[in-house]
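This report walks through a protein model step by step, from its sheet to its cores and its loops. Please look at the sequence and the structure before reading on.

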Amino acid sequence: MKILVTGANGFIGKNLVSTLKNIKTGKDRTRNIYIEDIYTYDIDSTIEDLMKYTQVCDFVFHLAGVNRPKEASEFYEGNASFTETLCSLLKEYDNHCPILISSSIQVGRDNDYGKSKKEGEDYLLNHGKTMNSKIYIYRLVNLFGKWCRPNYNSVVATWCYNIAHGLDIQISDSSVELPLCYIDDVVDEFLNALIGHPTKCVEGIYEVHPIHDITLGKLADLIQSFKESRATLMTPKMEPDSLEKKLYSTYLSYLPKDQFSYPLKMNIDQRGSFTEFLKTKEYGQVSINISKPGITKGQHWHHSKNEKFIVVSGQGLIQFRNIYSDEVIEYKVSGDKLEVIDIPTGYTHNIINTGDNDMVTIMWANEAFDPEHPDTYYEEV
């Protein structure tokens, strides 16, 4: 397929084109699509470019548009007139290829942006009837994701950028509900349309799922919690397809270039160190333990808390004993052979560095440490 993308340098365009390039070069093998060429058209392109592309393209992603002009007339020039030009060229070259347009839920509202988008839709629908071409009209809600310009027309992009950079955000009414759609979901649906299997809505209008509804107040709190998570170590919820997971991925893309890293509190003594890495409400916490040669750590047991240890550097010995037994169970561990050791409840346990160098152990516990309820009881193995 030869694919034309208008508005290729915009928010949707960048995400779509990068995915199409991955498919074209074989880096993305999740879809059975063969792409021969990708033609990108944007504000710095020429009418001659558009003439050349419309002669040979097999599918058009029409993403070009205007949403923040200086004059209202620019809405109609960018959203309606350009669509008319695109259709005229396709008709001139007798090109019956399908066209997908990114429209807006503001179509039908009494504003110039919505009216101009509706005119663009009408041009496409008439073109489709005249040329017997398939037309996919997607009226999109508020989109968010990486590469969206902050302080432009996306509250998510603006708040992610401002909070990540320590700037204030403005909330006029925290109770206002906002429908949001993630850019990766948009790209997935557009690829469905490319292969002829779109999600259809009513009256010939197509849609992207899922749509996430959230109030402005909750959105602000959630993005603020992402910034605070570096101090609390509390990782956001990562359920598949959840809004929180998608927002966190988006937030990270707005981090200042000199703030990708952040320090952790290392609890250091003569035995080595113990450092908490991340915590979750649902799935416990991960920590890094460093033991000096000859050092024994642990010597305790738990009622309900369970753990997994994996030595990634050095060598050592992990010992267990049921607190109602005299039998000592031993497991040799080494960074040369990565294996997970389960720490059962009711067994007092320790870990001994038997090597000549520091031993590094990754430790997972099924619950974040609570100093009010530590569930940790000293008893030597």
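## How the model is read

This is a predicted model, in which local features need pLDDT of at least 70 and side-chain atom pairs count only at pLDDT 80 or more, while totals for chains, interfaces and linings use all residues. Residues are numbered from 1 along each chain as its sequence is written, and side-chain values use heavy atoms, with hydrogens and water left out.

## The sheet and a hairpin

Helices (H or I, at least four residues) and strands (E, at least two) are DSSP runs numbered from the N terminus, and two strands pair if DSSP finds at least two bridges between them.

Strand E15 (residues 315-322) and strand E16 (residues 329-334) pair in the antiparallel sense over 6 bridges, and a hairpin joins the two through 6 residues. Here Gly316 has Val333 in E16 as its bridge partner.

## Two nonpolar cores

A nonpolar core is a set of buried Ala, Val, Leu, Ile, Met, Phe, Trp, Tyr and Cys residues joined through side-chain atoms within 4.5 Å, where buried means under 20% relative accessible area, exposed over 50%, and partly exposed in between (1.4 Å probe, protein chains only). The largest core has 55 residues, of which Val5, Ile12, Leu20, Phe61, Tyr138, Phe190 and Leu219 touch the most other members. Helix H6 (residues 183-194) gives the most to this core, with 7 residues. Apart from this core lies another, of 20 residues, among them Leu4, Tyr41, Leu86 and Ile135.

Which residues of helix H2 (residues 47-56) are buried? They are Leu50, Tyr53 and Thr54. Seen down the axis of H2, these buried residues fall within an arc of 95 degrees, so they line one face of the helix; the arc is that of the directions from the helix axis to the C-beta atoms.

Asn95 lies in the loop between helix H3 (73-92) and strand E4 (99-104), and with a relative accessible area of 8% Asn95 is buried. A polar atom of the Asn95 side chain lies 2.8 Å from the backbone oxygen of Thr54.

The structure holds 0 disulfides, a disulfide being a pair of cysteine sulfur atoms within 2.5 Å. For Cys160, which is buried at 0% relative accessible area, the closest cysteine sulfur is that of Cys148, 9.5 Å away and too far for a bond. Cys201, partly exposed at 29% relative accessibility, has its closest cysteine sulfur in Cys181, at 13 Å, also too far for a bond.

## Backbone details

Most residues other than glycine have a negative phi, and most peptide bonds are trans. Asp94, in the loop between H3 and E4, has a positive phi near 55 degrees, and with a relative accessible area of 52% Asp94 is exposed. Asn151, in the loop between strand E6 (142-144) and helix H5 (155-164), also has a positive phi, near 55 degrees. A cis peptide bond joins His209 and Pro210, with omega about -5 degrees, and Pro210 lies in the loop between E8 and strand E9 (212-215).

Methods:
A polar contact is a pair of N or O atoms within 3.5 Å; within protein, one must be able to donate a hydrogen and the other to accept it, and residues adjacent in sequence count only if both atoms are side-chain atoms.
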